[in-house]
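Here is a short briefing for a first look.

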Amino acid sequence: MIDLKLLRASPAQVRAALARRGDSSLTRLLDEIEALDMKRRTLTAQLDQLKAERNDAARADALVAKAQGGLPEATAVARRKLGERITALESELRQIETTLEAKALFVPNPPLPEVPEEPTILRSWGTPAAKGGKPHWEIAERLGILDLPRGAKLSGSGFPVLVGAGARLARGLINFMLELHTREHGYVEVEPPLLVRREVMIGTGQLPKFEDDAYRTATDDLFLVPTAEVPVTNLHRDEILDGRTLPMGYVAYTPCFRREAGAAGKDTRGLLRVHQFDKVELVRFCRASDSPVQHETLTGHAETVLQQLELPYRVVVLPANDLGFAGAKTYDLEAWAPGVGQWLEVSSSSTFTDYQARRANIRCRPRPGEKPEFVHTLNASGVALPRTIAALLETHQQPDGSVTIPPALVPYVGTDRLA
RNA sequence: GGACAGGUGGGUGAGCGGUUGAAACCGCCGGUCUCGAAAACCGGUAUGCCCGCAAGGGCAUCGAGGGUUCGAAUCCCUCCCUGUCCGCCA
């Protein structure tokens with residue numbers, strides 16, 4: 001949630017920051033929000049004064065009523081009139097507040113100042129193989145580990161079926177990542193619900209603006225999670241965390257469900273864009289002052305996965321106009337896939353500053369006795385499976401059509417070669 | 001799905017319709033005592049919004065919304081949630 005106080009105090013800066021996202025409709029939205037905010041404050045001041053009057057009167061009336069067993073009719077009438085006026089103003093105020101909040105939920109997080117205008121490669125790791133070899137779907141077909149037609153039969157396109165060693169590869173990857181993050185990186189593993197309430201989706205920023213992208217159950221108004229970020233970040237909604245326990249991190253494996261509403265026709269082949277996929281997600285909570293460091297740490301944790309899988313990758317800073325709705329700064333980890341000749345986004349590592357914390361009301365008390373403050377939330381894929389599997393198959397494919405399994409993964413897959 | 005019970009501050013848990021933001025206890029912070037600690041004792045400990053440079057002041061909040069009333073944590077209605085039992089069931 002945008003900080004209305006900040007918008008009020010320095011509207012020019014907030015507007016300038018948001019303008020970098022390149023969404024021209026925001027100007028008008030902010031105009032409306034500022035106007036409503038002004039109205040709200042005027043009304044509130046007026047109401048507070050009337051209520052103060054009523055409170056004073058009620059205190060005095062209590063004594064009179066007790067002494068005389070009732071209130072003089074004239075007094076009662078005057079009080080009633082005051083009450084009616086208050087009620088009327090209150091309903092007006094409530095309407096303004098409802099509208100204001102509804103609009104404010106559509107304002108994205110302002111990018112951090114250091115976020116560039118153009119995609120910027122920050123660093124890269126490993127030596128990308130020359131473009132060539134087979135694309136992953138051909139490799140997978142030959143190995144008999146992926147069945148797209150049958151997935152389509154069950155659920156439509158974008159619902160892959162992993163078979164045999166493919167299913168085992170996925171399971172091995174999940175276990176490998178969970179073990180790495182819990183044992184080496186200190187994350188607490190959670191297995192969250194996959195269906196969540198509407199307000200939970202609002203908390204992390206998927207709703208209200210992107211309802212079309214989510215799968216929703218009609219009868220219960222629950223949403224299939226598009227990422228574990230949603231349930232895991234909201235784990236602490238409406239809580240005041242003990243600041244001494246921060247920073248803290250959770251890791252969760254979940255399937256993810258995305259309608260990919262705007263992406264029809266893109267990356268339709270293979271595993272690059274699907275409606276259901278597995279992902280291991282890292283979520284961190286920290287003090288505001290700590291989030292820049294935490295973001296780097298977090299990104300490093302995701303990178304470790306790719307390094308251990310021996311997948312060359314690069315780290316890209318997303319430009320302001322490509323940031324997700326709630327993100328203030330994002331690094332994409334892109335693994336090289338020689339078969340399709342593309343850098344594949346296998347992880348997105350973002351800091352959300354206090355934006356999600358405001359929406360989900362997640363605070364911390366830095367030390368006992370101190371004032372609560374909003375935490376900062378961050379998350380990164382650690383990592384997403386389908387594209388990682390694609391990069392893995394294409395990178396480690398052998399001339400004979402087999403695929404070698406990187407040593408770190410062998411214990412989890414139970415073989416050093418898919419053939 | 002059916003029948004009950006209940007939702008109060010960081011936690012547990014009291015609260016005749018009228019100085020109740022709300023007892024008590026726990027926790028936490030500070031102090032006394034101690035070589036130090038524990039215990040004991042004393043004091044302090046909610047959040048949000050608004051005005052103000054500040055000191056300070058005002059308003060709101062007892063699940064949410066609406067209603068009754070001069071006045072609601074307290075009465076009424078609706079909704080949400082939680083728990084227990086029954087039914088169904090991996």
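In what order do the 3 strands of the open sheet with mixed pairing lie? The order is β8-β14-β15. The model is predicted. One strand of this sheet, β14, also gives two or more residues to the surface near RNA strand B.

**The sheet with mixed pairing**

- This open sheet has 3 strands, and its pairing is mixed.
- β8 (239–242) and β15 (373–374) stand at the edges. Each has a single partner strand, so one side of each is left without a neighbour in the sheet.
- β14 and β15 run antiparallel and are joined by 2 bridges.
- R363 stands opposite F374 in β15.
- Strands of a sheet pair through backbone hydrogen bonds, in either a parallel or an antiparallel sense.

**The antiparallel sheet**

- Another open sheet of 3 strands has the order β5-β7-β6, with antiparallel pairing.
- Its edges are β5 (195–197) and β6 (216–217). Each of them has a single partner strand, so one side of each lacks a neighbour in the sheet.
- β6 pairs with β7 (residues 222–224) over 2 bridges, in the antiparallel sense.
- T217 stands opposite L222 in β7.

**Around RNA strand B**

- RNA strand B is surrounded by 21 residues. The closest are R8, R41, D48, R79 and R94.
- Of the atoms of RNA strand B that come within 4 Å of the protein, sugar and phosphate account for 86%.
- The residues of this surface divide into 13 charged, 7 nonpolar and 1 polar.

- R41 is one of the closest residues. A polar side-chain atom of R41 lies 2.6 Å from a phosphate oxygen of RNA strand B.
- R197 also has a polar side-chain atom beside a phosphate oxygen of RNA strand B, at 3.5 Å.
- R363 reaches another part of RNA strand B: a polar side-chain atom lies 3.2 Å from a sugar or linking oxygen.

**Elements behind the surface**

- Which elements give two or more residues to the surface near RNA strand B? They are α1 (4–9), α3 (25–68), α4 (73–104) and β14 (362–365).
- The largest share comes from α3, with 8 residues.

How values were computed: Residues are numbered from 1 along each chain as its sequence is written. Chains are lettered from A and ligands numbered from 1 in the order in which they are written. This is a predicted model: local features need pLDDT of at least 70, side-chain atom pairs count only at pLDDT 80 or more; totals for chains, interfaces and linings use all residues. Side-chain values use heavy atoms; hydrogens and water are left out. A residue is near a molecule or strand if one of its heavy atoms lies within 4 Å of it. A polar contact is a pair of N or O atoms within 3.5 Å; within protein, one must be able to donate a hydrogen and the other to accept it, and residues adjacent in sequence count only if both atoms are side-chain atoms. Helices (H or I, at least four residues) and strands (E, at least two) are DSSP runs, numbered from the N terminus. Ala, Val, Leu, Ile, Met, Phe, Trp, Tyr, Cys and Pro count as nonpolar, Asp, Glu, Lys and Arg as charged, and the others, Gly among them, as polar. Two strands pair if DSSP finds at least two bridges between them.
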